[in-house]
Amino acid sequence: MNDNPTHVALHRCRFVDYPPSPITALAFPPSPLPSLRAKKAGKERERDRVQEYGTLVVGHANGNIDLLEWTGEDDELQARQAWQLRKTLPGPNPSKVDTLALTIRFPDIFPSSKVPSLSDLRLFSCGGGSELLEWDIARNCVRRTAPSQGGSIWSMAANPGSTILALGCEDGTVRLLSLVADTLEHLRRFDRVKARLLCIAWGPPVPRQARPAAAEKLDASDAESDDDDEEEWSDSWLVAGGSDSSLHKWGVKTGRPIDRMITDKIKGEKTLVWAVGVLADGTIVSGDSLGTVKFWDSITCTQTHSFSAHAADVLCLTIGTEGSTVFTSGVDQKIVQFNYVSGAPEASSSGKWIQSASRRVHSHDVRSLAMWPPHTPTPASYRRKPSPGSPYIAPVLVSGGLDMSITLIPALPAHVTTSNVAARVINPIASGVATTFEDSYYRRIPYRATVCVARTARLILCMYQTGLRLWRILDIPDASTVIDGMDNTTDPETRVGWENVLEMELNVHTNLISSALSDDGRWLVASDLYETKLFKLTTTPTGIVKANRIRSFTPLLQQQLSVAGSKEPPSTGGRKFVFTPDSTKMIMASASTSVIVVIDLGSNEPTVLRQFEHHRKTSLLSGRRVIRGSGKGQRPYASHRGDEYEDTDEMTNSGIPPLILQMAVSPDGQWLASSDEWCRTFIYNLDSIQYHTTIPSLPHPPNAMAFVPDKPQVLFSVLPSNAMHVYDVETGEVPSWAHDLNSRIPQQIFSTPDPILGIAFDRVESSQPIANGDVTMTESPPESPRSTSALPPTTILWGSSWLCKLNLDWLGQYSKQRKRRKSEAEKQKFLSISDVRNSTSESRNLRVITHYRAILAMDFLKSRELVLVEQPLVNVLSKLPPAFFKPKYGRT
Amino acid sequence: MAAAEVLNHTPLVVPQPKDVSISQIPRQSLPHQSGKRSKKYKEKRPTVSHHPQGSGSDEQRSGGSRKAASAPSRKWSWTSLTDTSVSSHPPIFTKDGSHFFSIAGSTIKIHSASSGKVVSMLPRSQDEGHTDTITSVTLGAHNSFQLFTASLDGTIKVWDFLEGILLRTIDLDQPIHHICTHEKIKDYIFVAAAKIKKSKISPAHRKDVQDESCVVLRVSLNPRESGGLTRTHKPPDILAIGKIKRTVGLALSASGERLIAISGRRSYVAQTAALKAGFMKFTSPESLTCLAVHPFEEYFATGDVKGVVRLWYCLNSNLVKVVGVEKKSQTSAFHWHAHAVSSVAFSTNGAYLLSGGEEAVLVIWQIHTGKREFVPRVGSPIKSVVVSPPKASEEEYLLELADATHAFVSSKTLKLSRVFARIKLAPSVPNAFPSSSSIPLAFHNLSETLVLPSSHASSLQTFSPSAFALVAELEVAPSNRVSRKDEKMLEPSRVERAVISSTGEWMATIDCREGDEYFRGEMYLKFWYWDKKNAFWILNTRIDRPHGLCKITSMSFSPGPSNIQLVTIGNDGNVKGWRIRTTKDKKGQEEISWVTRSSFGYKSDTPRHASWSPDGSLLAVVFGPSVVLYDPYTNVPRHVFVCHESQRLHEVHFIGMGGRFLATVGGTDLVVWNVMSRSVLWHVKNDRPYETLLPHPHRDAFMTIHSSHSTPAHAVVTIFHVRSPIRQMEHTLPFALRNVIWYPQSYSPANSESFSLVGLTHSYSVVLMGDDVNPQEKRSVPFKTLRKGQSVPRKSLFEEMFGVPVIPSESQQHSRDQITANPGPALPWRSSETASFFDAPSHLIPPIHTFFESLVDGFLTLRVADEGRQEELDVQEETSSKLSDHSGPVFANSADIATDSVLDSLVPVFREIAGI
């Protein structure tokens, strides 16, 4: 192949002023309380159980709730990409999320050794109003609402047993809602205090009384099991921080305030207690608007420690996994760690809390902190002991705030490094050797945006919370100004290369969830949860774009989707839209029913060609994994899960179709691939408008899917862990050259903390048909651009903070003989090309470019012309209110 | 060092009774060793980059004589007025807090905590002291009247500091960096010693050794011999605990169960019960600089180079040794310091942590909450912080500053309560005086003080060599004391020159600050008037940019009291004259200020230097190769001497009282003219360029200074007589001088033939030198045996409320009675009853009008009218008041000056008293 670097013109678009929404709340699933009934902890401990990671739930200021799943595959304890976005629950418009609560749906039957998955959880949120929302995670929508009956809800906390939800209200009351048996009912109201309840926390659960007796009984008659309905754990008290410079403690049984703890005050002002937490031993931790963090004894309600840890308000607080650390953060952006220092072993003196370390990883106010694994406020004797020899997962502190990115910090308590598990500590996000909070490296999870590029029309669509914006990229006037794609500094022109052509505000019920633009720029579609809106765009000769809504589209869809079964007027919201490359068909995945609708746009009125309901069917599942070539193939692709999980999954999931997450259409318009939450991928033939096949499911739903332009039957799927999977949909098998693809891909790609968000192929204009698999390339360099058509396409993989170029010559070049030298290629970490000896071209095969930051979208407009939509974080942060600042010695 | 004995002068400062030793007066009674032995306790070592030991003047002198081949060359006698550089080891208090020990090179000074005066020194003359820098001092574990000192010479010495005798010497043969003891571990001492190779190292290599690793040892103190033996013997039992990098701190935990050592980025913990197991390493994010152990809880504090104070809670944990895992301690970090922390200390009650560093701010941390309080602007970077022992009446924090000042901070008021300074000369910031700029140095004859640069470049200090005390500090240019902005040093405004008129009434200073990207440069000429009443300089006139922003190279006042003029010479090519202008304001009061009188140049040459003829009738200015004589009243050039020998003259001086000769230096040339005959008298070419020339004020002689041929760091002083180009005398000084001025010794006759100079060396020590300077006599240290149980008199309630009364309390009365019982009249006041009167609770005191008169009578003194005895009595009173005022201000500006003869006459009297 040619040694000359291919020049690619790059449009570095920074005009998209997409405002990501600040993070307001973070939550992890609670860990189930240990069962007192089956106190065979010994046996349980013996079982070498795979460490699981719970879902990270992120609440945004615009009302959306993101669900982030762990990207590590089942047996991996480390994942560089950590948690990545799986799906978003669109918030009603307008709304916001202030607090989140996750509870276990059926805590009494949930096994205490398991980490609850999404289907086992109930999610509650409230956003400053008086309405409490419960979310239907499977259907992606609000399940039910409940009024607080006491004004605005300021705080919310579920008890450790997941049976009661406590709301702290504007009027100074704590209201309890019963969550028993998947219900949501008002249970009782506590006595009023004269303050808003800004934060709330439950005291540690008390094990069923007469425990020693029970234990004896257990010893005596081992097999006997108590089947009485009495709850195993009961709650004794809860504490709430108020706007009256004090914390109040209520007895749960009586509902009466037991005690009041008064914090520091400045004269004339009331201190707001923003955050409160309770440790397993009952110690209450509070953070207030003066920046003080106080530790209280829960029995006497006296202060034991006070730290002026922050220069400004403490907004959030979380307790470390073992209960020996506490983290606080707030307006001054510092995350401060408090450590419990145990007293001398021989002396009877108890330990004390120290303020140990602080880090600043956010540029603006930190609004929420969360810890994985979560802290269980049960006494140490009830806690599960790790089996000896098993790896010790360093806890991860998750923080988020106004600067929109989530930060993950390994936060191992320092004293563990001198204990006997020190050698087995594992950093789950693989950010380095150091795992203590002070020294570890942190990871950021960047924000994402929905941006769509119409290639032929040279339009860029960006979806906002409720609106759409359209820009046009102007042509590059002269070939001489084509600049090196790798170098962004050489754009000398003063001409404006872009223009804003359309701004739309839509009347929506929820925030927009999806939008798309057809390749020729004639069709624009956008949808919230309930309604899809289709627009026909017309461009006037002066270049003004006008959008006309196709009114007949909604009834058409209603008519189609109502067939799907429900009586009430069906929602016509679309979760995902794709247009065929010739812009004659639109494929829509419906938001709540997971039906794929193929719509013909070629005629005057859009007509529905067909709808596919394969995603609604659960019959194709076998152990949550599709067996390869389901009908004919016998070999299971992968089946990691044990049988016991299978049943519960089937049970809870029955009736609710999984959401369709990704769709892709092949460049020749023949194939459609769609994948859903359950990791199933179906292939449809759009020529015949028929279901074609099912692809073996992958460990995770893919982050991006694309068909290769040269060989439109080859489907690329990229997982959040950056693993790539290739499938030939025509033959229904993995191409032979792609079997060990992931082992040949440079490790550098896997080690990037940002996952691949998209794949772009340099489109070859006049493509000579390349026979599958056995064409050898000519070694002569091309004389004219025309002859580049003979070259294999360049693949650009991009994540939020990086992009890299992979040469796909191996698609045609990789002979079997080469493949046997796989180990060598792997060792050299390069993607094999025709000329192995040429080291310069080797190095060019993978080039990671990191100087574009926060890439929102990227695509080829035409061959050798790339558009990159970038939004520097500085631009986003500059729109925020100024961060808290305190001058320092020697600085002006 | 007590003030009065340093020079044969009457002190300005009132000394205090318990500091002035009784035994000091009969100086001869002490066994007076000569030569090598005595030099050890005289800290006359200059701070030049010399090997600490063996730099005594004797060796120098001998070295000089060896060299003397052509000219009559010998060592001048010289003495350094400044301390050696401040030890990084903090001073330590005696158990009762009445005294503290500070390390000065290879000696230990014992200071009184109340007055800051040096009451004694170790070693005494009879004992062999350390031969190298003392690195660590600690009190004995089983006997708190024993002092352990460790030194780089490889020995640990045990002293009885009450008697001032050396008890024993433990020779470890390795440079020792740290020692520590603990009350519960009486038989052992823990030592961090540099690890050296088998070969015995020569002192010259010792510097390299310091960078090597250290070994921590446990050394047995098992007294096989009874105490009091000074015989050196190898201790029987040495246990090596572990090898670590160069230690910066070594301590035992509060309970004595753990041994803590810090070095580099690690802290090491070992169990004293199981020392064989060795150290457990804990990592720190930054290099550690200092260590302190909590007084009763099991944790310790460190400071690091990034300014973080860290508490380590790793002493309790069950330490499991896991190989290959970096151990982390649970730590608590306090961050305020912007630069490295130089010292940390815990308060006695364990609730507060003190830290100090380059910022010159003492930070007091409340450990429990992390709240902090500050004692800002203590004057100079803090080197070490010590807390006075719990037995002292009030807890005080002793700061040792980088300029060798000891400052006490009261824990109640958090203010500087007492500051004991000697010459503050170590500049607080490393580049305060770049070698290109000049350093101010002047002598003020009215107050007999030296005007010196202070530790901050924008201040001057006045030091009285006779009283051996810092008199005052004068902030010439107001400046903030932030030392650095991030890592970049801030350019302070610095005083470059200071001259004082011959009358002593006026001082002119130049201070300048170089411009940077934010500010323009500044250059001020300031005139200060000597306020006789307050004995202080008062700013009279400030002239902005006297020569634009060009450097001023020379500045001098016209001699004589009348028609006083100042001439300045700048690099802008101008010679400017300044005069006094008298204006009357509306009320008719006269105001005087300085204005420009004239400004002139000569051709296009840049003037270099100007000097006045002794009678002020001629002004000689050097322009390039020529010297132009001006009539200062009319500015008419009278004559031009062109020097053909040298193209660039840089200094010219009139020689002799008559002003008949001119001497100029330029490069390696020295030319002497006869002004009358307008001819060159003689010319000498030297092998080294001349640095400066200084005329003798009375004789027709002058001296030149140039660097030594063999060692450029040494200065060679040559004395010439105008009559001949033959060197009269040549002296080699073991240091280079940055500025030197004439120092009129008042005890020597005015027309003395001898030379007497004061100079500033490159290492900022102030050196007195000359023919008559006799370091031997002046440096002798008053010895005083510390008495057991001697303590600071506790303040009575009255004293706490109203301050220290003039009337001494009973106990002092007794001591004074002892002194003054014999000679003549009894004390003129009897007030012990009145003083004790106030010790009673106030509600028991009768109404004040009932006893007012008798009370006031008690206070009033009755003068004895006997004229004949008056003089002696005055002296008596004065000395006695000197002796009685035990906590008065250190820099009292008392003007009473007794003459030498009076003191001499007193010597027999005191001898009588002392019964010797």
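Trainee: Is Phe295(A) buried or exposed?
Mentor: Phe295(A) counts as buried, because its relative accessibility is 0%. Buried means under 20% relative accessible area, exposed over 50%, and partly exposed in between, with a 1.4 Å probe and protein chains only. This is a predicted model: local features need pLDDT of at least 70, side-chain atom pairs count only at pLDDT 80 or more, and totals for chains, interfaces and linings use all residues. Residues are numbered from 1 along each chain as its sequence is written, chains are lettered from A and ligands numbered from 1 in the order in which they are written, and side-chain values use heavy atoms, without hydrogens and water.

Trainee: And Trp353(A), buried or exposed?
Mentor: Buried, at 6% relative accessibility.

Trainee: How many aromatic pairs are there over all chains?
Mentor: 43. Rings of Phe, Tyr and Trp (its six-membered ring) pair if their centres lie within 6.5 Å; planes under 30 degrees apart are stacked, over 60 edge-to-face, the rest tilted.

Trainee: Why is the pair Phe295(A) and Trp353(A) called stacked?
Mentor: Because the planes are at 20 degrees, with centres 4.7 Å apart. The two residues are 58 residues apart in chain A.

Trainee: Switching to chain B: what about Phe101(B) and Phe161(B)?
Mentor: Their planes are at 75 degrees, so that pair is edge-to-face. Both Phe101(B) and Phe161(B) are buried.

Trainee: Which residue lies over the face of Tyr188(B)?
Mentor: Arg218(B), at 3.9 Å from the ring centre. The rule: NZ of Lys or CZ of Arg within 6 Å of the ring centre and within 35 degrees of the ring normal.

Key
Helix = DSSP H or I, 4+ residues; strand = E, 2+ residues; numbered from the N terminus.
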